[in-house]
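Biologist: Please take me through the pockets and the ligand here, one step at a time.

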Amino acid sequence: MLHFETVRRRMVDEQLIKRGIKEERVLAAMRKVPRHLFVEEALQQRAYGDHALPIGEKQTISQPYMVALMTESLSLSGSEKVLELGTGSGYQTAILAELSTRVFSIERIKGLAHKARKILESLRYLNVVIRLKDGTYGWKEEAPFDVILVAAGAPEIPSLLIEQLKIGGRLVIPIGGRNSQVLKRVVREDKGIVEEDLSSCIFVPLVGTYGWKKGGDEQGRDE
Ligand code: SAH
C-alpha cells in the first residue's frame, strides 16, 4: 500500500540514516519489508514509529533502529548461514532473510513461532526455518554459522553459541541485567573472541538453560 510505503521510507530516512546507519543493503531491506504486517491490525498505524511495540505473550517487536543496528553490525554479504534467537514477530527474521542465504530462527513461545511462520510464508520467505525450542543451546545440527543474532537480553554470552560460530563469524547479543543491557558484537577469531560494545539497549530477557531462568511471562524469580 502506498501509504505504508511512504511512512517506511520516512522511517529509514529519519530514524536510520540520520542516526548513522550507512550500509545500503540494510537500508534497502528496511525500505522493503512491510513491518506493519508483523504487528496486530490495531497497531499497524504505529508500526513505523521510533519504538518497540507489543506482540503478545509479554514480548515485543524491536525498535526499527535496533533492528538496523544489529543487522548492520553483522556485515552480511548475502552468502551467509544465519542463526537467530528470539523470532518474536518474525520481522528481524525477514530482514535477515533478505540479506543472507538461509536463516535458522528459534523461538520458545509456541503462539509467536506459529504466527511468525505464517506471515513469513505468506511473504514468500522460503529461506527461513523456525524451530520451537530453547535457543540458548543453539542449533547444533546446522552449525557452524557465519553469524548469530540474539534478539533477547542475556546475563552472559551462552558458550554454546560461540562454539557454533565459524572462525571469523560474528555474533550480536544484548548482555546485562534484566531491565537494561549493552549490545555487544563478538567476533570469533582463531585464538578466542574479540568483543565490542555497540550501544546501550533494552530487550526482553533471553529465557532458558543458558539465559535467565524465568521470563516476564512466568511466575517466580530467578534462583
Ligand atoms: N526480533 C524480534 C524480537 C522479539 S522479542 C522481533 O522484532 O519481533 C524476543 C523474543 O525472544 C521473544 O519472542 C521471546 O519469546 C524470545 N525468546 C526469549 N528467550 C528465548 C530462548 N531461550 N529461545 C528462543 N527464543 C527466546
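**Pockets and ligand**

Biologist: How many residues of the lining of the largest pocket are nonpolar, polar and charged?

Modeller: A pocket is an open set of points on a 1 Å grid over the protein atoms alone, where a 1.4 Å probe fits, with protein on both sides within 12 Å along at least five of seven lines; lining residues have an atom within 4 Å of a point. Ala, Val, Leu, Ile, Met, Phe, Trp, Tyr, Cys and Pro count as nonpolar, Asp, Glu, Lys and Arg as charged, and the others, Gly among them, as polar. For the largest pocket, the lining splits into 19 nonpolar, 15 polar and eight charged.

Biologist: What does this rest on?

Modeller: Residues are numbered from 1 along each chain as its sequence is written, and side-chain values use heavy atoms, without hydrogens or water. Local features need pLDDT of at least 70, side-chain atom pairs count only at pLDDT 80 or more, and totals for chains, interfaces and linings use all residues, since this is a predicted model.

Biologist: Which element gives the most to the lining of the largest pocket?

Modeller: Helices (H or I, at least four residues) and strands (E, at least two) are DSSP runs, numbered from the N terminus. Several supply at least two lining residues, including α3 (64-73) and β9 (192-201). With three residues, the top contributor is β2.

Biologist: Which pocket does the ligand take up?

Modeller: A molecule sits in a pocket if more than half of its atoms lie within 2 Å of its grid points. Q59, T60, A151, A152 and V204 lie nearest the centre of the largest pocket. The space taken by the ligand is the largest pocket.

Biologist: What is the distance from a nitrogen atom of the ligand to a polar backbone atom of G135?

Modeller: A polar contact is a pair of N or O atoms within 3.5 Å. A backbone N or O atom of S62 lies 2.9 Å from a ligand oxygen. For R108, a backbone N or O atom is 3.3 Å from a ligand nitrogen. For G135, the distance is 2.8 Å.

Biologist: How much of the ligand does the protein bury?

Modeller: Accessible areas come from the Shrake-Rupley method with a 1.4 Å probe. Alone, the ligand exposes 580 Å². The protein buries 99%.

Methods:
Polar contact = N/O pair within 3.5 Å; in protein donor to acceptor, adjacent residues only side chain to side chain.
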